[in-house]
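Have the coordinates open while you read.

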Amino acid sequence: MEIVLAIAIGVFTGSGVWLLLRPRTFQVIMGLMLLSYAVNLFIFSMGRLGLSIDREPVLIEGVPQDLLHYADPMPQALVLTAIVIGFAMTALFLVVLLASRGISGTDHVDGSRARDLQEMP
């Protein structure tokens with residue numbers, strides 16, 4: 001399970017960085033989303049929540065109250081918060097993308113493609 005999770009984090013990170021380096025705005029936004037998914041998976045795996053087996057999520061009488069017997073709730077809360085913030089930021093980025101494309105007429109990051117088209121006869 002650990003190797004599958006490590007490979008998934010690596011693929012998301014590599015794909016996200018590759019998309020961040022692309023010239024189109026939509027690809028940059030998708031790259032940011034993939035990087036946020038990679039970070040969420042990394043936080044999730046560091047908390048041993050996704051990799052632990054036979055650990056209770058709630059307190060039970062008679063069992064000592066330590067992390068040897070229970071799942072750690074902190075990574076779960078951090079990832080849930082990161083998912084909500086990532087969704088809101090993605091929605092904001094998409095609105096800015098649509099406004100920028102409407103104003104400049106292109107979805108290139110630097111807008112140079114629109115200037116090239118305007119100069120052509």
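What follows goes through the helices one by one and then turns to the pockets.

This is a predicted model, so to speak in its terms: local features need pLDDT of at least 70, side-chain atom pairs count only at pLDDT 80 or more, and totals for chains, interfaces and linings use all residues. Residues are numbered from 1 along each chain as its sequence is written, and side-chain values use heavy atoms, with hydrogens and water left out.

## The helices

Helices here are DSSP runs (H or I, at least four residues), numbered from the N terminus. The table sets the spans side by side; the expected span is 1.5 Å times one less than the number of residues.

| Helix | Length | Span, first to last C-alpha | Expected span |
|---|---|---|---|
| H1 | 19 residues | 27 Å | 27 Å |
| H2 | 22 residues | 32 Å | 32 Å |

Start with H1, which runs over residues 2-20. Its buried residues are Leu 5, Ile 9, Gly 16 and Leu 19, where buried means under 20% relative accessible area, exposed over 50% and partly exposed in between (1.4 Å probe, protein chains only). They cover an arc of only 105 degrees around the axis, which puts them on the same side of H1; the arc is that of the directions from the helix axis to the C-beta atoms. In general, an α-helix has 3.6 residues a turn, so residues three or four places apart point the same way. On the other side of H1 you'll find Ile 3, Val 4, Ile 7 and Trp 18 exposed. H2 is part of what covers the buried residues of H1, going by contact, meaning heavy atoms within 4.5 Å.

Two H1 residues are worth a click. Trp 18 counts as exposed because its relative accessibility is 53%. Its C-alpha sits 9.0 Å from that of Val 28, ten residues apart in sequence. Val 17, also in H1, counts as partly exposed at 40% relative accessibility. Val 17 and Leu 34 are 17 residues apart in sequence, with 8.5 Å between their C-alpha atoms.

Next comes H2, residues 25-46. Its buried set is Val 28, Ile 29, Gly 31, Met 33, Leu 34, Ala 38, Asn 40 and Ser 45, and these residues pack against H1 and H3. What does Asn 40 touch, not counting residues up to four places away in sequence? The answer is Val 79, Ala 82 and Ile 83. Asn 40 counts as buried because its relative accessibility is 10%.

H3 covers residues 73-104. Pro 75, Val 79, Thr 90 and Leu 97 are buried in H3, and their cover includes H2. After H3 comes Gly 105, whose phi is positive, near 85 degrees.

## The pockets

Rolling a probe the size of a water molecule over the atoms shows where empty space is left. Here the search uses a 1 Å grid over the protein atoms alone and a 1.4 Å probe; a pocket is an open set of points with protein on both sides within 12 Å along at least five of seven lines, and lining residues have an atom within 4 Å of a point. Grid points are joined across faces, edges and corners, and a volume is the space filled by probe spheres set on the points.

The largest pocket holds about 240 Å³ of space. Its lining has 14 residues, and Met 33, Ser 36, Gly 86, Phe 87 and Thr 90 lie nearest the centre. H2 and H3 each supply at least two of the lining residues, with H3 giving the most, eight. By class, that lining has ten nonpolar, four polar and no charged residues; Ala, Val, Leu, Ile, Met, Phe, Trp, Tyr, Cys and Pro count as nonpolar, Asp, Glu, Lys and Arg as charged, and the others, Gly among them, as polar.

Thr 90 counts as buried because its relative accessibility is 17%. Leaving out residues up to four places away in sequence, Thr 90 touches Ile 29 and Met 33.

The second largest pocket has a volume of about 160 Å³. It is lined by 13 residues, with Thr 25, Ile 29, Phe 93, Val 96 and Leu 97 nearest its centre. H2 and H3 are the elements that give two or more residues to this lining, and H3 gives the most, with five. The lining of the second largest pocket divides into seven nonpolar, four polar and two charged residues.
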